[in-house]
Amino acid sequence: MVSTSPTEPSAPVVPVHDDPALLSRALRTDGRRVKMHPLETSGRFSRVQVFLFPALIAFYAVLPWVNVGGHPAVLIDIPNRRFFLFGLTFNSTDFYLAFFVLSGIGFSLFVVSALFGRVWCGYACPQTVYLEGVYRKIEALMEGPARKRAQREAGGWTLDRLARLAVKHALFLAVSFVVAHLFIAYFASAEGVLAMIRQNPAENLTPFLWAWGTTLLLYFNFAWFREQLCIVLCPYGRLQGALYDADTITVGYDTRRGEPRGKKGSTTGDCVDCRKCVLVCPTGIDIRNGNQLECVGCAHCIDACDDVMVQVGRATGLIRYDSLAGLEGRARRFLRPRLYGYLVAALAGLAALTTAVSVRKSFDAALLRAQANPRERQGDLVIQRFVVHVNSKSDEPRTFEISLEAPAGAEVILPMKTLELQPFESRHVPAIVSLPFEKSGSGVLKLRTVEKESGKSRESQLPL
Ligand code: SF4
Ligand code: SF4
C-alpha cells in the first residue's frame, strides 16, 4: 500500500507528462536533474525488501569479521598481494585466476539478467540496499514521509527545517563513516581497521585518508547523487539492453489491459492514471512508457499499482513481473537459445576456475637466467649464471630443499640448498655453472625443489 489513497490531492511533488520541460520526474529535457521524493510503498515486494535489506547489510558488514581457516572469510590484502576467500589463499602469481573468476561471475550475471532482468539491482546491489534500507529511513525519520518532505521544501528555509536537515546530514555522515570502515575492512581486515582507529592518524596517514575519502564519497552518493549512479554511471545498467530479450522477466505495464488510461469508466482501460506508479519510482520514470534503462527493477510500482487496483475494485497485476511476450499476450518461453549460450559460458568459466584452483600448487619454483651477465667465456670454460626462484603460497612457514643437476664435467655452485620461507614469502638464490667450452650447448641444467612438509616437488630446466 502506498502512503496515500488515489483520491488524495497531489502534494507539491514535481508533476510529469504535462510539463514539456521534463523528460521524466528525475530529469529535465536540458539534462538537469530534478530532486525527487519517491513516495513510500508497503506492498508484498516492499515487505520482502524490509527483511532482505537488513539481512544483506548484516552479511556485508559481518563478512570481514568472520574467520575461515585462520584468515578473514574475505580479505583483499593489496600491499602484500594476497587474497583470502572462504579458506582459500591466493597471491600475486595466482592473478590469472581472476580471469576465470570474472568470466564465471560475469556470465552467471548474464544468465540471471537474461532470466530475471535487474533483480540484482532491485534486491541486492549495495547501492539499493543502503539507499533504501538505511539512508531513506534516516531521511524519513528526520523529515517525515515523502509528501511531508516536499511540503517542507516548498515552505522555504525555516528554523525547524534547518535543524532537521542538520541532524539528518550529521547522521548521514556518521553512517557513511561506519560503512566506509566496514568497506575498508575488506582490504585491511577487521583487526587492522580496529588497530588503525586506535592509533594516531599520523601513523596511518594513507588508510586514514582512504577512510575519510570513502566516507565523503559515500556521503556524496547517498545524500545527493543517489539514483544518478544507476542512471548515468553504472555499466551493468547499460548492459541490460544487450542482455534482455522478449522472454526476460522484468517489471512491466500491461498496455493491453491498462489503455486507454483515464478515470474509471466503461470506455477506459484499467489504468486510472493516478500516477502512483510514477510517484513511487526511485528513478522517476513512468513504467507505462515501456521498459527503460533507468528501471532498477525495485517493484515499487507493482506494489503501488496493486494497491490502487484493489481500491478501484480491479484485478491486481496491471504492473507486474512478466516478460514482454507475456505482456503482449504471446506464449512465454523460459529456456531459449541465448540462455543456453550464457549458461555454457558461465559453466565453462566456473569449471575452469574450479579446475585451476584444485590443481594449484602450494608453491612455485623456477629456474631463470640471471639478468646481469648470464653467460661469459673465461679461457676454456663457459660460465653461466642462473637464479632459482621459489615462491611459497602457503600461509604457514615452509622449508624447501633445492638441488641442481648438470651434465658430467660441469661444476655447479649453489650457495643455499635449504630455504626456510615465511608465509607467502618468495626468495631468489643465485647459481653459477661452469662447463668446458666444447660441452656448452649440449645439455640441460635441471632444478628440483621439494617442499619438506608435504613432500611435494617441482622441476624446471634450462639448456646450458
Ligand atoms: S498503472 Fe496503476 S499506479 Fe500507474 S497510473 Fe495506472 S493505475 Fe495508477
Ligand atoms: S519503474 Fe517500477 S520497478 Fe522500475 S525503478 Fe521505477 S518503481 Fe522500480
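Phe400 has Glu451 in S17 as its bridge partner. The model is predicted: local features need pLDDT of at least 70 and side-chain atom pairs count only at pLDDT 80 or more, while totals for chains, interfaces and linings use all residues. Residues are numbered from 1 along each chain as its sequence is written, and chains are lettered from A and ligands numbered from 1 in the order in which they are written.

Strand S13 (residues 398-405) and strand S17 (residues 444-451) run antiparallel and are joined by 6 bridges. Strands (E, at least two residues) and helices (H or I, at least four) are DSSP runs, numbered from the N terminus. S13 and S17 belong to an open sheet of 4 strands. The order is S15-S13-S17-S18, and the pairing is antiparallel. Strands count as paired if DSSP finds at least two bridges between them. Strand S15 (418-421) and strand S18 (457-463) form the edges, each pairing on one side only. From one strand to the next, the twist averages 20°.

Helix H6 (residues 159-188) packs against helix H7 (residues 190-198) at an angle of about 120°. Their axes lie 7 Å apart. Axes are lines fitted to C-alpha atoms, for helices over the stretch in contact, and angles run from 0 to 180 degrees between N-to-C directions. H6 and H7 are therefore oblique to each other. Angles under 35 degrees count as roughly parallel, over 145 as roughly antiparallel, 65 to 115 as roughly perpendicular and the rest as oblique.

On the H6 side, the contact involves His181, Ile184, Ala185 and Ala188. These meet Ala190, Gly192, Val193 and Met196 of H7. Contact requires C-beta atoms, placed from the backbone, within 7 Å. The residues of this contact comprise 6 nonpolar, 2 polar and no charged. Ala, Val, Leu, Ile, Met, Phe, Trp, Tyr, Cys and Pro count as nonpolar, Asp, Glu, Lys and Arg as charged, and the others, Gly among them, as polar.

Two ligand shells were examined. Around ligand 1 there are 16 residues, with Cys271, Cys274, Lys276, Cys277 and Cys305 nearest. A residue is near a molecule if its C-beta atom, placed from the backbone, lies within 6 Å of it. Helix H12 (276-279) and helix H13 (300-311) each give two or more residues to this shell. H13 gives the most, with 3 residues. The shell of ligand 1 has 10 nonpolar, 1 polar and 5 charged residues.

Ligand 2 is surrounded by 14 residues. The closest are Cys281, Ile287, Cys295, Cys298 and Cys301. Its shell holds 11 nonpolar, 3 polar and no charged residues.

Conventions
Two residues are in contact if their C-beta atoms, placed from the backbone, lie within 7 Å.
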